[in-house]
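Have the viewer open as you read.

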Amino acid sequence: MASTVTRALQRTTGLTGMRFMSTAANQRTALYDLHKKHGATFGPFAGWDMPLLYADQGALDSHLHTRKHASIFDVSHMLQTRVVGKDRHKFLEHLVVADLKELPVGGSTLSLFTNENGGIEDDTIITQQKDSLYVVSNAGCADKDWAHLQKYAKIFQDKGADVEVLKIEDHSLIALQGPASQKVLEQLAGVSLSQMPFMTGQFLELSGVPCHVARSGYTGEDGFEL
């Protein structure tokens with residue numbers, strides 16, 4: 001399966017430069033045609049057409065394959081944002097339960113967006129990058145999360161804070177999950193990833209395409225998110 005996944009990733013050139021397509025009904029990710037080529041059955045989720053099953057593989061077979069080998073998950077429907085400005089840590093720490101200023105560059109943390117009453121709005125992963133905070137949150141809460149971020153960014157800006165929240169709309173998000181994922185990705189990166197710990201990220205070229213690669217995921221197996 002490693003070679004199969006590698007070929008599939010190599011065919012989707014420009015991993016970090018693919019814009020989303022949309023229809024009148026639902027949006028489509030940049031990998032929609034690849035899913036369709038492999039006989040995907042689509043279903044609506046959070047305003048997106050997302051693949052559910054493939055022609056040659058049922059749900060249980062797909063699950064077991066991921067647990068034993070490696071599989072691609074198209075998660076481009078998730079909300080990706082970048083928080084910039086010298087007051088970015090103070091701003092985002094006001095909205096989530098995490099110590100972001102002390103997070104090392106390349107380090108990621110699971111966290112929660114909370115409301116004014118201390119209730120949970122959504123869960124999120126935040127990565128410390130050199131000049132920004134990279135935030136990924138759920139597609140089902142994308143509109144709510146974006147409005148939440150914009151609301152408080154405006155409040156901070158009105159008080160003179162140097163902070164801006166940018167929605168990332170020209171990059172796809174692809175998860176490569178399963179015990180063979182490191183071996184697969186090393187073939188594309190041309191470097192060893194054995195010293196890359198869980199919940200860290202770095203910039204790599206995969207078959208000549210610049211990508212941000214994080215060692216994270218929710219499958220219960222080793223995995224990466226590109």
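Predicted model: local features only at pLDDT ≥ 70, side-chain atom pairs only at ≥ 80, totals over all residues.

## Helix α6

In helix α6 (residues 181-189), the buried residues include Ser-181, Val-184, Leu-185, Leu-188 and Ala-189; buried means under 20% relative accessible area with a 1.4 Å probe, protein chains only. These residues sit on the same side of α6, because they cover an arc of only 130° around the axis, taken from the directions from the helix axis to the C-beta atoms.

Residues are numbered from 1 along each chain as its sequence is written, and side-chain values use heavy atoms, leaving out hydrogens and water.

## The hairpin

Helices (H or I, at least four residues) and strands (E, at least two) are DSSP runs, numbered from the N terminus. Two strands count as paired if DSSP finds at least two bridges between them. The β3 and β4 pairing is antiparallel, over five bridges.

| Strand | Residues |
|---|---|
| β3 | residues 41-45 |
| β4 | residues 48-53 |

Pro-44 has Asp-49 of β4 as its bridge partner. Two residues lie between the strands of this hairpin, where Ala-46 takes a positive phi near 50°.

Terms used:
Buried < 20%, exposed > 50% of the residue type's maximum accessible area, 1.4 Å probe, protein only.
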